[in-house]
Amino acid sequence: MAYEEVLAERVRERLEPEGVVAKKMFGGLTFLLNGNALANVDDEGLMVRVGPDGMDDALAHPGARPLVFRGKEQKGRVLPAEETLDDDVLDEWLQVAIEVTAELAPK
């Protein structure tokens with residue numbers, strides 16, 4: 001499994017106190033809130049759930065791009081540019097992901 005372990009640990013440190021569980025899946029480390037994926041760290045970097053309504057705002061961030069999986073754009077999920085992920089920016093992305101994911105029905 002190839003993913004950036006330092007980035008994964010930074011994400012884990014921020015999300016575990018929120019009740020988020022980390023699980024190896026999707027070729028990386030996926031972070032789940034009530035059974036729903038809110039973030040994933042894999043060989044492409046960090047993916048965060050922003051919801052379909054949050055796509056425009058998310059893509060306005062420098063270097064952010066939509067997640068493309070098996071050739072199809074995944075609405076509501078983006079890949080922030082890794083070089084922009086200082087502590088404050090990472091916290092902002094993860095807060096959005098928590099808020100959006102918390103609104104989903106538990107799995």
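**Helices, sheet and overall fold**

In this predicted model, helix α3 (residues 87-102) lies across β2, β3, β4 and β6 (72-79), and its direction makes an angle of about 40° with β4.

Q: Which strands does helix α1 lie across, and at about what angle does it run to β2?
A: Helix α1 covers residues 5-15. The strands it lies across are β1, β2, β3 (36-42) and β4 (45-49), and its angle to β2 is about 10°.

Q: In what order do the six strands of the open sheet stand?
A: The sheet is open and its pairing is antiparallel. Strands β1 (21-25) and β5 (65-69) each have a single partner strand, so one side of each is left without a neighbour in the sheet. From one strand to the next the twist averages 40°. The order is β1-β2-β3-β4-β6-β5.

Q: Which residue in β2 does Ala22 stand opposite?
A: Strand β1 runs antiparallel to β2 (residues 28-33), and five bridges join the two. Within β2, the residue opposite Ala22 is Phe31.

Q: What is the radius of gyration of the protein chain, and why does it count as being as compact as a globular protein of that length?
A: The protein chain holds three helices and six strands, which follow one another in the pattern α-β-β-β-β-α-β-β-α. For 107 residues the globule rule gives 13 Å, and the value for this chain is close to that, so the chain is as compact as a globular protein of that length. Its radius of gyration is 12 Å.

Q: What percentage of the residues of the protein chain count as buried?
A: A residue counts as buried when its relative accessible area is under 20%. Of the 107 residues in the protein chain, the buried share is 41%.

Terms used: Residues are numbered from 1 along each chain as its sequence is written. This is a predicted model: local features need pLDDT of at least 70, side-chain atom pairs count only at pLDDT 80 or more; totals for chains, interfaces and linings use all residues. Side-chain values use heavy atoms; hydrogens and water are left out. Two strands pair if DSSP finds at least two bridges between them. Helices (H or I, at least four residues) and strands (E, at least two) are DSSP runs, numbered from the N terminus. Axes are lines fitted to C-alpha atoms, for helices over the stretch in contact, and angles run from 0 to 180 degrees between N-to-C directions. Contact means heavy atoms within 4.5 Å. The radius of gyration is taken over C-alpha atoms; the globule rule is 2.2 Å times the number of residues to the power 0.38. Buried means under 20% relative accessible area, exposed over 50%, partly exposed in between (1.4 Å probe, protein chains only).
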